[in-house]
Amino acid sequence: KNIKKYFPIKGGVLKHTVGHVKAVDDISLNVIRGETLGLVGESGSGKSTLGRVILRLLDPTEGSIQFEEQDITTLNNRKMRPIRKDMQIVFQDPFASLNGKMSVQELIEEPLLVQTKLNRREREEKAISLLEKVGLRADARTKYPHEFSGGQRQRISIARALALNPKFIVCDEPVSALDVSIQAQVLNLMADLQEEFNLTYLFIAHDLSVVKHISDRVAVMYLGRIAELAPKQGLYETPLHPYTQALLSAVPTTDVTKKREKIILKGDLPSPSNPPSGCAFRTRCPKAHERCAIVRPDLTEVSEGHFVACHLYSKED
Ligand code: SF4
Ligand code: MG
């Protein structure tokens, strides 16, 4: 609720704070139990930072985080520990996130050692069953990450994330580093696991095609804020925000009736340390008008569950 995450920028010989990167700039978001909420934005839009703040891997500058019925914003490590079991993360790059010196058995067993009282044999059994769930053979246990392909390594990361029977997983671009041919397999696996284990996902991606099938709702982020949030069908069929429309125009479609003219956005993402006044998207928006430079548009519900932050849809216009 009202999450801000500002990173100080240090400058000069005395390393004073000379400004802030506003990675997340006042976001309120619900993730509903059992759903997949897709969170999409360009790199630098703040989506990974938001994912980490939600998991309390980073402390927010402002705002609060509630998990189930509990406010967890200021819980200390000891009090967070039992809650950590329920919340996991799968990172983009399985090459970097898996310690190459640990065997697959050790990687999967590590969270079990920290958080459970399972004995050695029980941990082995658990690892074997998890490997099976993610489509790997039991003999993978004795191998090391470098002996696997990118897709297989991501399966190992997923097995590790599942070890403590979590309820909620932040999937931070888990397929972005994988070959396109492998992406669908891993996405399907994640969808199957979600069903089997009643998981809730916050699924981060940098383009709308990746989250299309797996998401129930999708939020589009731009420069630390939410531009649009809607149930999947509404977002893909009637995108309202000019930024969503541009992102969607880049998604390839085989359906000729749905072919959209490709909208090319001018310029780059502005610096999050010095975002444009008013609507942060106005420097690239084909529909920007006078009001957009002056007033920041609030995220407003325009039809059931469909929210947009754009003056084209606000009543004052
Ligand atoms: Fe474009 Fe203005 Fe809407 Fe921002 S508020 S998206 S600049 S039309
Ligand atoms: Mg990221």
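The axes of helix α6 (residues 150–162) and helix α7 (residues 180–197) come within 10 Å of each other and cross at roughly 15°, where helices are DSSP runs of H or I with at least four residues, strands are runs of E with at least two, and both are numbered from the N terminus. This is a predicted model, in which local features need pLDDT of at least 70 and side-chain atom pairs count only at pLDDT 80 or more, while totals for chains, interfaces and linings use all residues. Residues are numbered from 1 along each chain as its sequence is written, and chains are lettered from A and ligands numbered from 1 in the order in which they are written.

**Exercise 1.** Describe how α6 and α7 are arranged, and name the residues that make their contact.

Step 1. Axes are lines fitted to C-alpha atoms, for helices over the stretch in contact, and angles run from 0 to 180 degrees between N-to-C directions. Angles under 35 degrees count as roughly parallel, over 145 as roughly antiparallel, 65 to 115 as roughly perpendicular and the rest as oblique, and α6 and α7 are therefore roughly parallel to each other.

Step 2. The contact, which requires C-beta atoms placed from the backbone to lie within 7 Å, is made on the α6 side by Gly150, Gly151, Gln154, Arg155, Ile158 and Leu162, and on the α7 side by Ile182, Gln185, Val186, Leu189, Met190, Leu193 and Phe197.

Step 3. Sorted by class, the contact of α6 with α7 has eight nonpolar, four polar and one charged residues, where Ala, Val, Leu, Ile, Met, Phe, Trp, Tyr, Cys and Pro count as nonpolar, Asp, Glu, Lys and Arg as charged, and the others, Gly among them, as polar.

**Exercise 2.** Describe how helix α4 packs against α5 and against α6.

Step 1. The axes of α4 (residues 104–115) and α5 (residues 120–133) come within 10 Å and cross at roughly 115°. In this contact, Gln105, Ile108, Glu109 and Leu112 of α4 meet Arg123, Lys126, Ala127 and Leu130 of α5, and these residues divide into four nonpolar, one polar and three charged.

Step 2. With α6, by contrast, α4 packs at an angle of about 30°, the axes being 8 Å apart, and α4 and α6 are therefore roughly parallel to each other.

Step 3. Val104, Leu107, Ile108 and Pro111 in α4 meet Ile156, Ala159 and Arg160 in α6, a contact with six nonpolar, no polar and one charged residues.

**Exercise 3.** Which residues are the closest to ligand 1, and how does its shell divide by class?

Step 1. Ligand 1 is surrounded by 13 residues, of which the closest are Cys279, Arg282, Cys285, Cys292 and Cys310; a residue is near a molecule if its C-beta atom, placed from the backbone, lies within 6 Å of it.

Step 2. The shell around ligand 1 divides into nine nonpolar, two polar and two charged residues.

Key
Two residues are in contact if their C-beta atoms, placed from the backbone, lie within 7 Å.
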